[in-house]
Amino acid sequence: MASDPKKFVFSEVSVHNKTKDCWLIIDGKVYDVTPFMEDHPGGDEVLLAATGKDATDDFEDVGHSDEARDMMHKYYIGVIDKATVPKKRAYVPPADRSYNPDKTQDFIVKILQFIVPLLILGLAFVVRSYTKEKSA
């Protein structure tokens with residue numbers, strides 16, 4: 001008789017969220033996809049984005065082939081205790097540049113986007129009138 005699969009709780013699985021240590025939860029099963037990170041056709045970023053949550057919807061939305069589904073068996077390491085998986089993933093804001101309340105740089109860029117084309121147009125008129133005077 002086959003031994004029962006190892007049962008993991010969500011907190012155990014969610015810490016495996018790096019390129020060199022990546023576990024996914026798909027259809028109540030836990031997969032260690034670390035060896036597959038470099039070979040994944042969508043890149044390792046796709047797999048990393050699916051960590052820390054139930055990735056079943058992400059997996060199904062892509063429409064993986066039967067070959068991809070068969071390949072999953074070699075990465076299978078156990079099952080997840082579904083009671084420990086949070087219903088919604090907590091929002092983690094992206095690491096972005098610091099907030100700029102006065103928008104100084106944005107304002108300067110918008111002004112330059114307006115002034116530079118006007119300067120070019122003005123220069124074109126000056127050159128045009130200068131060349132017209134020379135030819136007359």
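Guide: Start with the elements. Helices are DSSP runs of H or I with at least four residues, strands are runs of E with at least two, and numbering goes from the N terminus. On that basis the chain runs β-α-β-β-β-α-α-α-β-α. That comes to five helices and five strands. The model is a predicted one.

Visitor: Why is Val30 called buried?

Guide: Buried means under 20% relative accessible area. Val30 has 0%, so the label applies. Val30 is found in strand S4.

Visitor: What does Val30 touch, leaving out residues up to four places away in sequence?

Guide: Contact means heavy atoms within 4.5 Å. By that test Val30 touches Phe8, Val13, Trp23, Leu24, Tyr75, Tyr76, Ile77, Gly78, Val79 and Ile80.

Visitor: Why is Asp27 called partly exposed?

Guide: Under 20% would be buried and over 50% exposed; partly exposed is in between. Asp27 has a relative accessible area of 48%, so it counts as partly exposed. Asp27 sits in the loop between S3 and strand S4 (29–32).

Visitor: What is the phi of Asp27?

Guide: It is positive, about 55 degrees, although Asp27 is not a glycine.

Visitor: Why does His16 count as buried?

Guide: The cut-off is under 20%. His16 has 16% relative accessibility, so it counts as buried. His16 belongs to the loop between helix H1 (10–14) and strand S2 (17–18). Beyond neighbours within four places in sequence, His16 is in contact with Asp21, Cys22, Trp23 and Thr51.

Visitor: Thr51, then. Is Thr51 buried or exposed?

Guide: Its relative accessible area is 4%, so Thr51 is buried. Thr51 lies in the loop between helix H2 (44–49) and helix H3 (56–62).

Visitor: Now the largest pocket. What is its volume?

Guide: About 460 Å³. Of its 21 lining residues, Phe36, His40, Leu47, Phe59 and His64 are the closest to its centre. Strand S3 (21–26), H2, H3 and helix H4 (66–71) each give two or more residues to the lining.

Visitor: How does the lining divide by class?

Guide: There are 17 nonpolar, three polar and one charged residues.

Visitor: Why is His40 called buried?

Guide: The limit is 20%. His40 has a relative accessible area of 14%, so it is buried. His40 lies in the loop between S4 and H2. Setting aside neighbours within four places in sequence, its contacts are Val46, Leu47 and His64.

Visitor: And for the whole chain, what share of residues counts as buried?

Guide: Of 136 residues, 21% count as buried. The chain exposes about 10700 Å², and carbon and sulfur atoms supply 60% of that area. Among contacts between residues at least 6 apart in sequence, 67% join residues at least 24 apart.

Notes: Residues numbered from 1 in each chain as written. Predicted model: local features only at pLDDT ≥ 70, side-chain atom pairs only at ≥ 80, totals over all residues. Heavy atoms only, no water. Buried < 20%, exposed > 50% of the residue type's maximum accessible area, 1.4 Å probe, protein only. Areas by Shrake-Rupley, 256 points an atom, 1.4 Å probe, with all protein chains shown as cover. 1 Å grid on protein atoms, 1.4 Å probe; cavity = no way out; pocket = protein on both sides within 12 Å on 5 of 7 lines; lining within 4 Å. Points joined across faces, edges and corners; volume = space filled by probe spheres on them. Nonpolar A, V, L, I, M, F, W, Y, C, P; charged D, E, K, R; others polar.
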